[in-house]
Amino acid sequence: MNLLTDTLGMTEFWANVVIMLIVCTIVFAVFALMSGITSWAERRIAGRMQSRYGCNRVGPQGILQFVADAVKLILKEDLIPDGADRFLYKITPYLCLMGVLATLVVLPLGSRAMMVADLNVGVLYFISITSIVVIGILMAGWSSNNKWSLLGGMRSAAQIVSYEIPVAMSLLTPILIAGSLSVGDLLDSQGWLPWEWTAFQTPFSALAFFVFFIGSLAEGNRTPFDLPEAESELVSGFNTEYSGFRFAVFFMAEYGNVFLIGLSTTALFLGGPNLPGFLQGNPFLSVAVMMLKTIFIMFVVIWLRWTLPRFRIDQLMDLSWKYLLPCALIAFFGQSVFMLVAHQIPAITQITSIVVFIVFLLIMIKFIGRIRTNYKEQSIPVGLN
Amino acid sequence: MEIADLFFYLFSVMIIGLGGVVAFSRNLLHSAFALFFVLFGVAGFYVLLGADFLAMVQIMVYAGGVCVLLIFATMLSDNISQPGKSNLSFQTVLSTVAGGGIALLLLSAFENTTWNVVAPGAMEPTTNSIGKLLLNEYILPFEVISFLLLAAMVSAIMLVKKGENS
Amino acid sequence: MTSELKTEHITINMGPQHPSTHGVIRFVIKTDGEIIHECDPDVGYLHRGIEKIAESVTWQGFVPFTDRVDYLASMNANWAYCMAVEEMLGTEVPERAEYIRVIAGELNRISSHLVAIGAADMDMGAITPFVQLLREREYINDLLEMICGARLTYNYYSIGGVNYDLPEGFSIKVMGFLDHFEVAVEQMHRLVTYNQIFINRFANVAAVSPEMAMDYNFVGPNLRGSGVKYDVRRNKPYSIYDKLDFEIPIGTASVGTLGDCYDRYFVRVEEIRESVKILRQCLQQIPEGEIQAKVKNAIKPPVGHKYIRTETPRGDTGYFIYSDGKTSPSRLKIRTGSFTGMSIIPELARNIFIADLVAVIGSLDIVAPELDR
Amino acid sequence: MFKEHTLNTTEIIDLIQKNTQIEVKASENSYDASIIVEPKDVLPVMKFLKLSRDLSFKVLSSHTAVHDGEDFKLFWNLLSYEHNLETTIESSVPVVSPQIQSVCKVWKAADWLERESYDLFGIQYIDHPDLRRIMLPEDWIGFPLRKDYQSPEGYQDIENSRSEIDKRFKP
C-alpha cells in the first residue's frame with residue numbers, strides 16, 4: 001500500500017480500491033482454477049473407479065479439459081425459457097457464485113497471513129454468508145418456469161437451511177477450544193502433529209468433525225445429499241433450464257463448493273497450514289501443506305459421490321434433525337465439560353488426543369484392509385480373447 | 001472520501017432502491033427477493049458501525065432464515081405458476097392516515113433529538129463483551145426469552161401435528 | 001386451526017424423456033409438494049405394431065422381430081417364440097440344441113439382470129455400480145458374440161434348434177468367466193446390497209402383498225419378490241430344466257416388508273447366482289450331436305390356438321398364437337412381464353415420494369419396448 | 001404347496017357345471033384344450049373359477065381377441081399357482097357389436113389387458129372403470145388389429161402414403 005501511495009502518487013482511497021481489486025482478482029483466479037481442476041479430477045477419478053478413462057484428450061492427461069469446456073459453454077447459445085422471469089433468471093447464477101466466493105474471504109489459502117480478511121467473527125460470517133446461495137437456488141428454481149426446477153429449488157433451500165444448524169452447532173466445539181470466533185485464532189489453536197489437530201483432540205471434537213463434514217457435504221449439494229440436482233429424479237434440479245455461460249457459472253459455483261468444503265474442513269479441524277516449529281512461517285510450505293490436505297478432503301468428497309446412492313428427502317431431514325443436531329449438541333456439551341475437567345488435570349488433554357488419534361488410525365487400518373481384499377479379488381482374470 | 005464512505009453510499013442506495021421494490025413491486029416474489037437484499041444492506045450498515053456480531057446475526061437470522069421462510073410461504077400459499085398478486089393495496093384513506101401518522105412521528109423524533117456526534121472509533125470485537133453481558137448481567141431475560149421461544153416452537157409443532165392427524 | 005390445510009396439487013409430466021423412466025414412458029403425476037397423489041402411466045410411445053407385423057411375415061421370418069420385443073433378453077424372447085411354433089408343429093428339438101439354448105438363455109438372463117440391478121442403483125444416484133455391472137455384461141456380450149455374431153439382437157434360435165453350433169473352447173471360456181463373475185457379484189454386494197443408504201431407499205417402499213401380486217399378474221422376479229414361489233422353469237418345466245438342479249429364490253422380507261423394492265431387487269441378485277449354477281451344470285453335461293431338427297421351409301401349422309409360457313428375465317412371457325393354417329400367424333399376442341407389472345403403478349404410486357416412484361420403476365425392471373411392443 | 005395330480009379340462013368343466021349350472025363345453029382344437037363359454041356367462045364363470053377352492057385361478061395370465069371371420073374370438077388364459085393349473089376360456093362376440101362384460105372386478109390385471117384389446121380391436125367392455133386407448137393416441141381412428149383395417153394415409157401432419165415414399169426414393 002505504501003508502494004502505491006508513495007511511488008505512484010495515489011491518494012489513500014484509490015490505493016485501497018486498487019489493493020481490493022488485486023486481492024479480489026487473485027482470490028477469484030485461485031477459485032476458478034481450483035474449481036476447474038476439481039471438475040477434471042472428478043471426471044478422472046470417476047473414470048478410474050468405473051473402469052474407463054475419463055477425459056484424456058485436451059492437454060496432458062486431459063487436464064485442460066475444463067478450459068475447453070468453458071470455451072464451449074461460453075460460445076453456446078444462452079437460452080431463456082418461455083415464460084421465465086427474465087431478470088431473476090439472468091442474475092441468479094452470479095448470486096450463487098457470489099455466495100460461494102464470499103466464503104473464501106475468511107478462509108486461508110496458506111498460513112494465517114494469507115487470508116483476505118481475518119475477521120474476528122470469521123466463523124459466524126462463514127456460516128451466515130451461505131444464505132446467499134439459498135436465495136440464489138430458490139430464485140433459479142422459481143424463475144425457470146419449470147416444475148422440476150421449482151421442486152429442486154425448494155428441496156435445496158429446505159436442505160441447506162436445515163443443515164446450516166448442525167454445521168453451526170458443530171463449529172461451536174473448535175470455537176470452545178480456541179476461545180475465539182476468528183479463523184486465524186482457530187488455526188493457531190492447533191499444532192502440526194495429527195493429535196494436535198482439533199479433529200482428534202477429544203472424542204467430542206472428533207464427533208463435531210464428522211458432523212461438520214457430513215453437514216458441509218449436504219450444504220454443498222454433494223452426493224449422498226445431492227437431492228437438489230438428483231438427475232434421476234428431478235432431471236437436473238434447479239439448473240435444468242440453464243445453458244451456455246450461465247450454466248458454466250453454476251458449474252463453477254458447484255465445483256468451487258467442493259474446494260471450499262476441503263478448505264474449511266482443513267482450516268477448522270485438520271490443523272490447517274501448521275508446520276513444525278523450525279519451519280514455521282515458511283509461506284510456500286504452508287501453502288503446500290494446506291493445499292495437500294484440502295486436495296485429500298476433496299478426493300474423499302469425490303470418492304463418496306461415486307460410491308454412495310442418494311438419500312430420500314425425508315431421510316435427509318431425519319438425518320439432520322434427529323441425528324446430526326443431537327450429535328452436535330452432545331459434542332458441544334461434552335467438550336465444555338471436558339474443558340472444565342482438563343482445567344483441573346492438564347495432563348488429560350495430551351492423553352485423550354493421542355488415544356483418539358490411535359483409535360482413528362485403527363479404523364483406518366481396518367478400512368485399508370478391506371480395500372486390499374477388493375483389489376485382490378479384482379485381479380482374477382476373465383480369460384476371454 | 002474514505003473507503004467506508006463509499007460503502008455507506010452503496011448500501012444506502014441498495015436499501016432505499018430495493019426497499020422501493022419491496023413496497024411497489026407488482027410481483028410478490030420479487031418483493032420477497034428484494035427484501036433479502038434490503039436486510040443484507042442493513043447488515044452492511046451494522047458492519048460500518050462496528051457492530052460485527054450484530055451484522056452476522058442479522059444475515060443469519062433475518063436474511064438466511066426469515067426471508068427464506070417468507071419466500072417459502074409465498075411459494076406454497078399462492079398459485080405459484082402465476083404469482084400475479086401484488087402487495088400493492090389501495091385502501092386510500094386508511095393507508096394515508098397510517099403512513100402519514102408514522103411519517104409525522106418520525107419527523108418529530110428527528111427534530112427533537114439532539115444528535116450526539118462522535119468520531120468513529122476503531123473496529124473492536126464486540127462478541128466478547130456481548131457474550132459476557134448476556135450470560136452475566138442479562139442472564140434472566142435471556143433465559144426467559146429462550147424459554148418463550150421454545151414454548152412457541154413446541155406449540156407450533158403441536159398445531160401442525162394435530163392437522164396431520166385429522 | 002381445526003380443519004386440515006388445503007393444498008393445491010401440481011401436475012407434473014415425468015417423461016417421455018426423463019432419466020429414470022427406462023425408455024420412453026410418460027407418467028402424469030399429481031403431487032402435493034414431494035408426495036405423489038395420483039399417477040397415471042401413459043405408455044405406447046414405443047408401440048411398433050409387432051403383433052400386426054406378425055400377420056404378414058412368415059413363421060420363421062418373425063424370429064428377428066422377437067429380438068426387438070425385449071432387447072435386453074432377446075435370446076429368451078427368441079426361445080419363447082420358437083418353442084411355441086415347435087409345439088404347434090410337433091417338432092422334437094435335438095438334445096444338444098436344448099443345452100445350447102439353456103446356456104445362451106441363462107447367459108442372457110444374467111446380462112439382463114445385471115442391467116436391471118445396475119439401472120436400479122443408478123436411479124438411486126449411485127452411478128458406479130451401474131458402470132461396473134455393465135463391464136461384466138460386456139464380457140457376456142463377448143461370449144454371446146462368439147456363438148452368434150451379434151451383441152444385442154441375436155436372432156440365434158431357429159425353429160427346431162439353434163442356428164450355429166458352439167465355437168471351439170467355448171465352455172472353457174464360459175467357466176473362466178464364471179469364476180471371475182462370482183467374485184464380481186460379491187463385490188457388487190459389498191458396494192450396493194449392504195449399503196445402508198440403499199437399504200433405506202429400497203426397504204419398505206411400495207410393498208406388494210402376494211395376493212396383490214397375483215391379482216395384478218406379476219410375473220418372474222417381481223412375483224417371487226412378493227413371496228410366491230412360482231417359476232415356469234420349475235413348475236411347468238420346458239426344455240431340459242427338469243434335469244437341472246437349481247433353487248427358486250423368493251422374497252424373504254430380510255430388511256423390510258414382504259414384497260418391497262428390496263425384495264424384488266434381492267431376488268434378481270439371487271437369480272444371477274442360480275443362473276451361474278445352471279450354466280456350470282449345462283457345460284458339464286452338454287452332449288454331442290445335432291443342433292437343428294428337420295423343419296420344412298414353408299411351415300403351415302394346423303388351425304388352432306396355443307398359449308406358451310417361458311421364464312424370461314422379466315418373468316413369465318406368454319406367446320398366444322392363433323393359426324389359421326396359412327404361412328403366417330393369424331394372430332400373435334405377446335404378453336410380457338413389463339406390461340402387467342406397469343399396470344400396478346397407479347395403485348403403488350399413491351402417497352409415496354417422487355424419489356420412491358423412481359425406485360419402484362427401477363425395482364420392477366420395466367423395459368419400454370417390451371411394454372409397448 | 002403344489003399338488004401332484006392336476007385337473008384336466010373335462011374335470012374343470014364338470015366342476016363349473018355342477019356349481020354354477022351354466023352350460024359350458026370343451027372346444028375342438030388341435031393344441032390347447034379350452035372351455036367355450038357364452039358371452040353373457042363369462043363374468044359368473046370367471047368369478048367361480050377364481051373363488052372356487054378346488055381351482056382358485058387367482059391369476060389372469062393373458063387376455064386377447066382374434067378376428068376370425070364374422071366374430072371376435074376372445075381368450076382368457078388363467079393360471080392357478082396353488083394347484084399348478086392352467087386353462088383357457090374362450091368366447092366369441094360378433095364384430096358388428098363387440099360387447100362383453102369386463103372382468104376387472106375379478107382380476108385387476110384385466111384392466112390394462114382389456115384396455116389394450118379395446119384399443120386394438122375395438123371391443124367394448126361393459127363396466128370397465130377406465131376404458132380408453134392405451135397404445136395408440138387418443139385421436140386415432142380405427143382398430144389396427146382387425147383384419148379389415150386399412151392403414152391411414154397419414155396422422156396429423158405426418159404423411160404415410162406408400163406412393164409418395166416410392167416416388168421420392170425411385171432412382
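User: Over the ring of which residue does the charged end of C:Arg233 sit?

Analyst: This is a predicted model, in which local features need pLDDT of at least 70, side-chain atom pairs count only at pLDDT 80 or more, and totals for chains, interfaces and linings use all residues. Residues are numbered from 1 along each chain as its sequence is written, chains are lettered from A and ligands numbered from 1 in the order in which they are written, and side-chain values use heavy atoms, with hydrogens and water left out. A charge sits over a ring if NZ of Lys or CZ of Arg is within 6 Å of the ring centre and within 35 degrees of the ring normal. The charged end of C:Arg233 lies 5.7 Å from the centre of such a ring, and that ring belongs to C:Tyr241.

User: Which residues form one aromatic cluster with C:Tyr241?

Analyst: Rings of Phe, Tyr and Trp (its six-membered ring) pair if their centres lie within 6.5 Å, and planes under 30 degrees apart count as stacked, over 60 as edge-to-face and the rest as tilted. The cluster that holds C:Tyr241 also contains C:Trp79, C:Tyr156, C:Tyr157, C:Tyr164, C:Tyr238 and C:Phe246.

User: What kind of aromatic pair do C:Phe339 and D:Trp112 form, and which chains does the pair join?

Analyst: The ring centres of C:Phe339 and D:Trp112 are 5.6 Å apart and the planes stand at 65 degrees, so the pair is edge-to-face. Both residues are buried, and C:Lys333 lies over the face of C:Phe339, at 5.7 Å from the ring centre. Because C:Phe339 lies in helix H12 (residues 337-342) of chain C and D:Trp112 in helix H3 (residues 110-121) of chain D, the pair joins chains C and D.

User: Which pair of chains shares the most contacts?

Analyst: Contact means heavy atoms within 4.5 Å. No contact joins chain A and chain D, whose closest C-alpha atoms lie 25 Å apart, and none joins chain B and chain D, where the closest C-alpha atoms lie 28 Å apart. Of the four pairs of chains in contact, the one with the most contacts is chains C and D.

User: In which sense do strands S4 and S5 of chain D pair, and over how many bridges?

Analyst: Two strands pair if DSSP finds at least two bridges between them. Strand S5 (residues 85-94) of chain D is mostly covered, with seven of its ten residues buried, and strand S2 (residues 34-36) of chain D pairs with S5(D) in the parallel sense over three bridges. Strand S4 (residues 71-80) of chain D, by contrast, pairs with S5(D) in the antiparallel sense, over ten bridges.

Definitions and conventions: Helices (H or I, at least four residues) and strands (E, at least two) are DSSP runs, numbered from the N terminus. Buried means under 20% relative accessible area, exposed over 50%, partly exposed in between (1.4 Å probe, protein chains only).
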